[in-house]
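Below is a short briefing on one protein chain. It goes through strands, helices and loops in turn.

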Amino acid sequence: MSRNRRCTAARAPRRWARLCVLLLSAVLTLCTAPASAGERPSEPNAEEREGPVVLVGVPGLLWEDVSRQTTPFLWELAEEAGIGNMSIRSATSRTCPTDGWLSVSAGQRALSEREHFTVCEPAPQPESNGSGAIVPGFADHIARNRASEFSAPVGLLGQTVSDSGGTTLAVGPGAALGAADTSGYVDHYIDRVGDLSPERLREVSLAVVELPELTRLYPDPPTSEEESSAAEEVTDPDDVPTWVREEALLTLDHRLRSLIETLPTGSSLSVAGVSMDTGPSRLTVAMSGEITETGFEGPDAYLASDSTRRPGLVILTDTTPTLLSQMGMQLTEPTNGRVWHTTERPGTTEESVGGLVDFNTAAVVVGTAIPGFFSGLVVFQLLIYAAAACALHRYSDGQRSKRKFVLSVTRVVALAGAAFPVASYLANLIPWWAAGTPLLALLGCVLLADAAVVSLAMLGPWRNNVIGSMTIVAGATALVLFLDLCFGANLQMNSPTGYSPIVAGRFYGIGNIAFAAFATGMLMAVTGPAHWLISRGLRRTAVMTTLVIGSASVLIIGWPGLGTDFGGVIGLIPGLAVTTMMIAGVRITVPRLAAVGITAVAVISLLSWMDYLRPTNERSHFGAFAAQVANGKALTLLTRKLTSMLGTLGNWQLTLLAGCALVFLFFLLKRPTRWRIGALQRAYEYAPTLRAGLTGSLVTALVGFVANDSGIAIPAIALTVMVPLTLSVCVWALQQDDDEIRKTAVRGDRSPKKAQKL
């Protein structure tokens with residue numbers, strides 16, 4: 001080796017060390033950025049407020065219902081108010097009015113007792129007790145929810161107001177559920193909005209009003225199985241005649257106007273669509289403003305909260321801490337709700353409301369598409385495996401021209417299968433939800449993005465490298481999700497492989513399915529530069545490169561406010577460690593694996609402790625878990641997640657996909673063909689680092705399966721990426737063997753017939 005070359009090789013690790021520091025500094029800079037924009041309003045003192053805090057619950061009210069023509073007064077409010085979509089997910093996937101009101105009462109996802117899951121039953125009529133009233137059976141609601149999955153403290157809102165010296169008023173049976181204290185008592189109760197007066201409202205701290213006009217559009221609860229079946233036929237608000245819904249909306253608009261004209265100056269007003277009593281779940285209306293001497297005034301902004309960290313999106317349980325904050329009171333126990341704040345919104349009401357409607361449309365379409373999307377994904381992957389098995393074995397002794405064509409097609413199809421997850425995120429760069437048929441537009445955008453990624457992989461100069469095309473697809477998967485996390489995870493929201501505001505499992509950070517795609521893409525992608533560096537004698541630089549990329553990935557996945565994925569850190573660190581050790585040529589032993597496990601626990605503990613030190617309303621999943629460890633409730637959470645993880649094995653589609661992928665990877669690709677050794681082993685010979693990426697990805701998939709409540713979904717999606725990528729490298733290796741045979745025959749070293757049998 002020449003002196004210059006030795007010097008260059010010696011300087012390379014130092015350059016990469018400096019690059020490592022720069023990259024990690026850049027990620028830390030991103031991490032320290034605020035998780036959501038907008039100034040948070042100061043919490044007013046109860047003594048400073050002249051009027052009451054008023055919550056108006058309107059079950060089933062959607063932003064698509066609000067227009068100048070149908071609801072002119074609501075439109076006037078929207079022009080001034082803080083507005084947003086509200087995710088109303090309660091303890092079950094169907095949020096009836098009783099579930100919604102109990103969730104407001106608890107500040108946590110709650111549920112009510114009902115005989116038929118598909119039919120919403122009315123709230124019980126409160127029993128008069130002087131000026132106030134008692135909700136019958138309220139103790140049963142408390143007991144049932146304390147024992148439920150979310151341990152919702154029903155009665156928290158009303159009890160906090162009572163303990164702080166305030167008084168409550170409820171209008172309507174549903175409102176009484178929301179405002180009652182832990183004994184089921186509300187200080188003042190009336191049945192109709194028309195009986196309200198400014199004098200009566202000035203006497204109370206909190207007024208909760210129910211406007212059930214949209215609820216009454218649907219049949220009463222059935223009393224028999226036959227009536228239940230008939231009632232299920234009316235499953236969507238769109239099934240109700242337009243004129244019927246418009247009349248109900250007009251009545252609602254008039255009553256809301258009358259109510260607001262009754263509110264005394266200084267009142268704080270919040271309007272919330274607390275439930276959907278029929279049809280598929282949707283995002284409902286949320287509004288906020290103040291009653292001044294000149295009328296209603298609002299912040300003219302989008303509502304947001306630290307629960308979602310997204311402009312124009314809040315959740316139902318945010319209502320509880322928001323109301324208490326407006327009264328200058330504090331929660332007596334933690335909930336999953338956060339106080340509303342505001343962010344900038346578009347200049348016109350039409351644009352603002354239109355944006356909220358489009359967001360809801362995207363959420364509904366994705367929710368409808370998810371079952372078919374995953375069924376299609378399973379079928380597509382299984383077809384890839386079947387076709388590849390046929391191509392590798394049936395055509396192994398065929399004519400060279402036919403074999404070359406079949407192998408080339410197999411390679412392209414394999415890359416397309418691996419690119420499918422990242423394509424589902426890239427599709428959100430195109431506003432498919434604005435199309436006339438958004439479901440077809442979504443499918444078209446996914447296919448278009450998939451074709452773009454595959455074209456990039458197959459048309460560049462890297463296509464002639466053993467793992468060049470694979471590295472491009474894997475790198476694109478990791479890079480797209482990395483950048484998405486840096487800029488707010490907008491591509492994951494309302495994506496079939498992301499998360500949904502209607503399902504409400506997660507609103508920010510990296511979802512479990514996205515984690516599986518990201519981690520697998522990153523671990524497979526690092527094998528590309530590692531292979532290139534090792535082939536040039538720069539193994540240390542290859543190891544350092546892997547550590548830089550891997551450390552940045554762990555950091556962004558685990559950092560609160562960015563990835564915020566507790567189980568993701570646990571899953572990625574072992575996989576990264578195994579990949580790095582194999583690239584370094586270090587033997588993997590039990591003590592070393594134990595050290596990796598201790599490191600993962602230490603990283604998780606540090607991130608949780610740092611997040612726990614933040615104010616309660618700013619904590620993410622990490623800080624919330626640390627708080628549960630501190631108060632002894634962590635075991636309940638872990639038990640719930642373990643139960644959810646094991647329950648995912650009942651998803652036969654994803655279980656079948658994971659099983660077939662493993663069979664294909666370790667049996668069919670290792671099965672000898674005419675090349676005398678398995679295609680996978682041949683690929684390892686051409687690209688030894690492939691084994692490192694594949695092994696690390698399998699480790700991450702296995703640990704991720706155990707550590708996350710999504711369970712089988714993580715290895716299923718990870719295998720969806722890694723197996724087609726591995727197949728593409730195997731096909732390349734076989735094509736290279738074909739080329740070697742042809743070149744040998746052309747040189748005349750042996751006859752073409754003998755060469756073909758090689």
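Two strands pair if DSSP finds at least two bridges between them. Helices (H or I, at least four residues) and strands (E, at least two) are DSSP runs, numbered from the N terminus. The model is predicted: local features need pLDDT of at least 70, side-chain atom pairs count only at pLDDT 80 or more, and totals for chains, interfaces and linings use all residues. Residues are numbered from 1 along each chain as its sequence is written, and side-chain values use heavy atoms, with hydrogens and water left out.

**The chain as a whole**

- The chain holds 26 helices and 14 strands.
- Of its 758 residues, 54% count as buried, where buried means under 20% relative accessible area, exposed over 50%, and partly exposed in between (1.4 Å probe, protein chains only).
- The accessible surface comes to about 31,600 Å², and carbon and sulfur atoms hold 59% of it; such areas come from the Shrake-Rupley method with a 1.4 Å probe, and for residues only the protein chains shown count as cover.
- Contact means heavy atoms within 4.5 Å. Among contacts between residues at least 6 apart in sequence, 74% join residues at least 24 apart.

**Strand E8 and its two partners**

- Strand E8 covers residues 206-210, and five of its five residues are buried.
- In a regular strand the side chains alternate between the two faces of the sheet.
- Leu206, Val208 and Glu210 lie on one side of E8, Ala207 and Val209 lie on the other, and both faces are covered.
- Four bridges join E8 to strand E5 (residues 168-171), and these two strands run parallel.
- Strand E1 (residues 53-57) also pairs with E8 in the parallel sense, over five bridges.
- Val209 of E8 is the bridge partner of Val56 and also of Val171.

**Other strand pairings**

- Strands of a sheet pair through backbone hydrogen bonds, either parallel or antiparallel.
- An open sheet of three strands has the order E3-E4-E6, with antiparallel pairing.
- Its edge strands are E3 (127-129) and E6 (185-186), each of which pairs on one side only.
- Strand E4 (residues 132-134) is joined to E6 by two bridges, and Ala133 has Val186 in E6 as its bridge partner.
- Strand E12 (residues 301-304) runs parallel to strand E2 (residues 82-87), with two bridges between them; Gly82 stands opposite Ala301 in E12.
- E12 is also joined to E14, by three bridges and in the antiparallel sense; Leu303 has Thr342 in E14 as its bridge partner.

- Helix H13 (residues 438-459) has 22 residues and reaches 31 Å from its first C-alpha to its last. This is close to the 32 Å expected at 1.5 Å a residue, the expected span being 1.5 Å times one less than the number of residues.
- The buried residues of H13 include Pro438, Cys445, Asp450 and Met458.
- In helix H23 (residues 679-686), Ala679, Leu680, Ala683 and Tyr684 are buried.
- These residues cover an arc of only 145° around the axis, so they are on the same side of H23; the arc is that of the directions from the helix axis to the C-beta atoms.

**Buried residues in a strand and in loops**

- Ser268 lies in strand E9 (residues 268-272) and counts as buried because its relative accessibility is 0%.
- Ser268 and Leu323 are 55 residues apart in sequence, and their C-alpha atoms are 9.0 Å apart in space.
- Thr335 lies in the loop between helix H10 (319-326) and strand E14 (341-343), and at 10% relative accessibility it counts as buried.
- The side chain of Thr335 reaches the backbone oxygen of Gly107 at 3.3 Å.
- Leaving aside residues up to four places away in sequence, Thr335 touches Ala106, Gly107, Gln108 and Leu156.

- Most residues other than glycine have a negative phi, and most peptide bonds are trans.
- Asn494 has a positive phi, near 60°. Asn494 is found in the loop between helix H14 (468-486) and helix H15 (512-525) and is buried, with a relative accessible area of 4%.
- Ala504 has a phi near 60°, also a positive value. Ala504 is found in the loop between H14 and H15 and is buried, with a relative accessible area of 3%.

Note on methods. A polar contact is a pair of N or O atoms within 3.5 Å; within protein, one must be able to donate a hydrogen and the other to accept it, and residues adjacent in sequence count only if both atoms are side-chain atoms.
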